[in-house]
Amino acid sequence: MRYSAWTILRNAVAGDRLWTPAWRDPAPKARYDAIVIGGGGHGLATAYYLARNHGLRDVAVLERGYIGGGNVGRNTTIVRANYLLPGNSEFYSHSLRLWEGLERELNYNVMMSQRGILNLCHSDGQFDAFARRGNAMRFQGDDAELLDREAVRAHAPFLDFRDARFPIRGGLLQRRAGTARHDAVAWGFARGADRLGVDIIQNCEVTGFRIENGVVRGVETSRGAIAAPRVGMAVAGRSSQVGAMAGLRLPIESQVLQAFVTEGLKPLIPGVVTFGMGHFYISQSDKGGLVFGGDLDGYNSYAQRGNLPLVEHVMEAGMALMPMIGKARVLRSWGGIVDMTMDGSPIMDRTPVEGLFFNGGWCYGGFKAVPGSGWCFAHLMATGASHPAAARFRLDRFATGHVIDEEATGAQPNLH
């Protein structure tokens, strides 16, 4: 069924009895041309573009739980392309262009809202660094505006300009950035892939790999063995665990990242705002809740929950930036398992096992990367060669020294 104003009207008259399931619930077949492990945003987008761009429609997506239950439904929904370093810059620029046409492409409302992102700076040195980043963004073909203090005040008058602790020096604004509805992105790609013939198999946990003479032959799952000559891993925070089943030791740590949402408030924040003197970012959802987050919890974990010291740390940063939110009631918090690499940038490459491909290590950038990641990983799986936009995300860069250290914090995943 194609969604349109006509189908909405038709179902309204028919008492909503004509809607069909968004995607099928098939039993796994014994063999596929390709398998994608992980039914999150990256895995579903990969399967969709394998079918749409490369004609590989005999594809299975294997998800251990349910669609939308992992990191794709546990984030702060920010979409942006304001990176500095080669590798990251061209990839996220490519991904943002895909975001801008995603709803029409999928015939699904992912609630993409290009309300802009404002990165605040609080010193002359930081202002100069943002000027450099903005120039790099413009050279890449993306938009960027460097705002002084008064321009920031005009754009976001609700911020604290009293200079009590961290004076606002200016900011870098990207108007094409914004937010999207996280679980709707998963549902849209799942529906799109299903319409192209992809089997989306939920509650199917991969328990091992079938590897013969260094070549992948398929996977073992909780629902039986499935053969395939191509297998792609896109399992986010579970990358190290799934990779270990294939004998891979990946340069990745898994840590918890918390996020929070308040009660619904009247429209207040027009876009996304980030704090320059602490890791804090905030936006306002369509329901009115303030959605915000901060640093990693700082220890390795596979638990989808956080700890109280980091809750306090995030709240302190929010109060330093905009004290007026102090009386807002926090409704809930959640945690995602974040796959952190040694340089804070992702990996998308072939593995030493022939036919086995890896996509992971997205750190904080996983959600905004979804369409670009799917496009480039599908290209890698279908052709065996890296897409130009993701050519620097090599697995061996840590051995050769060609790291992409966007945060300039070295080999410390907890600081990225």
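This is a predicted model: local features need pLDDT of at least 70, side-chain atom pairs count only at pLDDT 80 or more; totals for chains, interfaces and linings use all residues.

Visitor: In which sense do E10 and E11 pair, and over how many bridges?

Guide: Antiparallel, over four bridges, with strand E10 covering residues 215-221.

Visitor: What is the strand order in the open sheet?

Guide: The order is E9-E10-E11, three strands with antiparallel pairing. Strand E9 (206-212) and strand E11 (224-227) are the edge strands, each pairing on one side only.

Visitor: How much are neighbouring strands of this sheet turned against each other?

Guide: By 25° on average, ignoring direction.

Visitor: OK, rings now. How many aromatic pairs are there?

Guide: The count comes to 15 aromatic pairs. One of them is Phe91 with Trp362: the ring centres are 5.2 Å apart and the planes are at 40°, so this pair is tilted.

Visitor: Why does that count as tilted?

Guide: Planes under 30 degrees apart would be stacked and over 60 edge-to-face, with the rest tilted. The 40° between Phe91 and Trp362 therefore makes a tilted pair.

Visitor: Which parts of the chain does the pair of Phe91 and Trp362 tie together?

Guide: Phe91 is in helix H3 (residues 88-100), while Trp362 is in the loop between strand E19 (356-360) and helix H10 (370-383), so the pair ties together parts that are 271 residues apart in sequence.

Visitor: Are those two buried or exposed?

Guide: Both Phe91 and Trp362 are buried. For Trp362 the relative accessible area is 6%.

Visitor: What kind of aromatic pair do Trp362 and Phe393 form?

Guide: An edge-to-face one, 6.0 Å centre to centre with 85° between the planes. Phe393 lies in the loop between H10 and helix H11 (397-400) and Trp362 in the loop between E19 and H10, so this pair ties together parts that are 31 residues apart in sequence. Phe393 is buried too, with a relative accessible area of 0%.

Visitor: Which residues do ring pairs link into a cluster?

Guide: Tyr83, Phe91, Tyr92, Trp362 and Phe393.

Visitor: Switching topic to charges: what sits over the ring of Phe127?

Guide: The charged end of Arg169, at 4.1 Å from the ring centre.

Visitor: And where does Arg191 lie?

Guide: Over the face of Tyr3, 3.9 Å from the ring centre.

Notes:
Residues are numbered from 1 along each chain as its sequence is written. Side-chain values use heavy atoms; hydrogens and water are left out. Two strands pair if DSSP finds at least two bridges between them. Helices (H or I, at least four residues) and strands (E, at least two) are DSSP runs, numbered from the N terminus. Axes are lines fitted to C-alpha atoms, for helices over the stretch in contact, and angles run from 0 to 180 degrees between N-to-C directions. Rings of Phe, Tyr and Trp (its six-membered ring) pair if their centres lie within 6.5 Å; planes under 30 degrees apart count as stacked, over 60 as edge-to-face and the rest as tilted. Buried means under 20% relative accessible area, exposed over 50%, partly exposed in between (1.4 Å probe, protein chains only). A charge sits over a ring if NZ of Lys or CZ of Arg is within 6 Å of the ring centre and within 35 degrees of the ring normal.
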